[in-house]
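Here's a quick briefing to read with the sequence and the 3D view open. Have a look at the fold first, then at the metal site.

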Amino acid sequence: MRSADLHTHTICSDGSFTPEELVNEAVNRDLAAISINDHDTVAGILPAVKSGKELGIEVIPGIELTSEYEGIEIHILGYFIDPENPALTEKLASLREYRVSRIYKIAEKLNGLGVRLKPEDVFDLSVGGTVGRLHIAMAMVKRRLVGSLAEAFQRYIGDRGPAYVSGFRLPPQEAIALIRGSGGIAVLAHPYLLQRDDLIPLFIANGIRGIEAYYPEHSQGQVNFYLDLAQKNGLLVTGGSDFHGKGKPDIKLGLVRVPYELVEKLKAAL
Ligand code: AMP
Ligand code: ZN
Ligand code: FE
Ligand code: FE
């Protein structure tokens with residue numbers, strides 16, 4: 001059966017595969033389609049779409065926008081967005097500026113804690129798309145300041161860590177509006193991680209049209225719960241591996257895949 005992985009990241013955010021490598025890997029893993037969902041950037045889309053055409057695999061232009069509501073991080077997936085939409089690209093440029101300044105702030109906090117990490121070490125690991133905490137953790141491992149990515153988060157940069165600096169995060173309503181305004185479909189990412197199912201009706205009112213029911217960290221019971229919720233609320237269903245390459249070494253591309261039929265349903269809803 002033809003299948004699709006509808007949640008992947010490239011080096012343009014915090015994945016370790018280039019867009020070309022990712023598309024090639026998708027072919028190797030026998031996927032009929034993948035969606036590119038880099039955090040807060042569209043930089044990987046056009047190169048991936050181009051590779052997809054060359055290799056004969058469908059590449060869906062997408063994104064994963066970071067938003068925040070009541071102090072919790074809400075990730076909003078976008079599918080079939082226009083990566084050249086001016087309102088979207090302008091907002092992404094300002095988010096990026098904030099993310100760059102935040103790297104300096106985190107590095108300063110780390111230095112205050114006796115951890116000698118230079119901002120340049122972090123920027124060296126990003127390719128000019130989205131830069132964030134996973135790059136910091138990778139730079140810390142590379143510089144042997146910590147033994148693992150997990151340790152970097154546990155001791156320093158996790159949400160409650162001493163070197164944490166919060167990112168600028170859009171209100172979910174604005175993230176959803178940006179995706180819709182660029183012609184895309186907005187979908188709530190990995191709902192179980194939020195632990196706030198009570199907010200789902202609000203997100204639906206804000207324009208969410210689908211929910212990511214299939215996700216590596218969702219148990220079968222949770223998958224069923226969100227499938228049922230989708231059906232009751234007339235929502236589309238998506239799913240994917242949240243592939244990051246080296247940043248999440250246990251997650252292989254296509255580990256979670258959905259029947260291609262769900263892609264057709266997304267298209268029909270455009
Ligand atoms: P940022 O958007 O820069 O705040 O970075 C968030 C990213 O950091 C997430 O998408 C995860 O990939 C990663 N992350 C956050 N918390 C952890 C953690 N405890 N362990 C490993 N990675 C994490
Ligand atoms: Zn990520
Ligand atoms: Fe996410
Ligand atoms: Fe993701």
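A4 sits opposite V258 in β8 in this predicted model. That pairing belongs to strand β1 (residues 3–8), which runs antiparallel to β8 over 2 bridges.

**The iron site**

- Which protein residues hold the iron ion (ligand 4)? Its donors are H7 (NE2), H9 (NE2), E64 (OE) and D242 (OD), at 2.1 to 2.2 Å from the metal.
- Along the chain, the donors of the iron ion (ligand 4) are spaced as H-x1-H-x54-E-x177-D.
- E64 is in strand β3 (residues 58–69), while D242 is in the loop between β7 (236–239) and β8 (258–259), so this pair ties together parts 178 residues apart in sequence.
- Are E64 and D242 buried or exposed? Both are buried.
- The site of the iron ion (ligand 4) counts as irregular, with angles of 78 to 165 degrees among its 4 donor atoms.
- For reference, ideal angles for four tetrahedral donors at a metal are 109.5 degrees.

- The zinc ion (ligand 2) and the iron ion (ligand 4) are 4.7 Å apart.

Conventions. Residues are numbered from 1 along each chain as its sequence is written. Chains are lettered from A and ligands numbered from 1 in the order in which they are written. This is a predicted model: local features need pLDDT of at least 70, side-chain atom pairs count only at pLDDT 80 or more; totals for chains, interfaces and linings use all residues. Side-chain values use heavy atoms; hydrogens and water are left out. Donors are N, O and S atoms within 2.8 Å of the metal (3.2 Å for Na, K and Ca); water is not among the atoms, so sites may look incomplete. Four donors count as tetrahedral if all angles lie between 85 and 135 degrees; four count as square planar and six as octahedral if opposite donors are over 155 degrees apart and all others between 65 and 115; anything else is irregular. Helices (H or I, at least four residues) and strands (E, at least two) are DSSP runs, numbered from the N terminus. Buried means under 20% relative accessible area, exposed over 50%, partly exposed in between (1.4 Å probe, protein chains only). Two strands pair if DSSP finds at least two bridges between them.
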